[in-house]
Amino acid sequence: MPFMVYYSVLLVLFGAFAVLFYLCFNLCLQYFHPAICHTDGEVLYSFDDGPSIYTPQILEILKQHDQKAIFFCIGKNIATHPEIFAEILAHGHQVGNHSFSHSNFFGFKSLKDIIKEIQDTDDIMQKHGAVEVRYFRPPFGVINPTISKALKRTGHTVMGWSVRSFDTILSEKIVLKRLKNIKKQDIILLHDSKSQTINILKQLLK
Ligand SMILES: [Zn+2]
């Protein structure tokens, strides 16, 4: 019965694809590469996709609460807002590498292109005052064998998160509900590229 054979093959292929997808998108499973997903001390707030026009307000709230954070910056956004990147450093926060382009196709790039993305971002960070860039967070949290290989060459440590706020897609109310039970040692994923994150942070630190 050829139809049944085709059907079974399709099913197996779909299953394999789903498993691969799951492994690539869950970097804290550490299937392809080691990753830090908890701290050994206090809660760590991490902000992805900046610097942006909203970053200064985020910095102000953090300052009011004497709270330090880590900002995973996109290289091309540093090129657009170098003064805001410098402000992050001036406030004493850590900065991490979040690729240069944050391309939707980052995971499909060649080894050479991924290394270049990471190095170009380190370069622009250092040009604007970062002393050492130790951590890398892949765009969309995707790690595959090529990205892992690139990171072995560049020597960055991958930092994931233990709590994803989904502040780019969910409403403020639902995000705050999701973040209600933050524990010590959690790494929280937020975005300083979204205006609503300003208010979310205000509520969180209250
Ligand atoms: Zn991102």
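This is a predicted model: local features need pLDDT of at least 70, side-chain atom pairs count only at pLDDT 80 or more; totals for chains, interfaces and linings use all residues.
Residues are numbered from 1 along each chain as its sequence is written.

Helices (H or I, at least four residues) and strands (E, at least two) are DSSP runs, numbered from the N terminus. H2 (residues 55–64) packs on H8 (residues 196–205) at about 5°, with the axes 9 Å apart; axes are lines fitted to C-alpha atoms, for helices over the stretch in contact, and angles run from 0 to 180 degrees between N-to-C directions. H2 and H8 are therefore roughly parallel (angles under 35 degrees). On the H2 side, Gln57, Ile58 and Ile61 meet Thr197, Ile198, Leu201, Lys202 and Leu205 of H8, contact meaning C-beta atoms, placed from the backbone, within 7 Å.

With H4 (residues 82–90), H2 packs at about 10°, axes 10 Å apart, which makes this pair roughly parallel too. Here Thr55, Pro56 and Leu59 of H2 touch Ile84, Glu87 and Ile88 of H4.

As for the cores (buried Ala, Val, Leu, Ile, Met, Phe, Trp, Tyr and Cys residues joined through C-beta atoms within 7 Å; buried means 20 or more other C-beta atoms within 10 Å of a residue's own), the largest has 28 residues, and Phe47, Phe71 and Cys73 have the most contacts inside it. H2, H4 and H8 are among the elements giving two or more residues to this core.

Technical notes. Angles under 35 degrees count as roughly parallel, over 145 as roughly antiparallel, 65 to 115 as roughly perpendicular and the rest as oblique. Two residues are in contact if their C-beta atoms, placed from the backbone, lie within 7 Å. A residue is buried if 20 or more other C-beta atoms lie within 10 Å of its own, exposed if 12 or fewer, and partly exposed in between; C-beta atoms are placed from the backbone.
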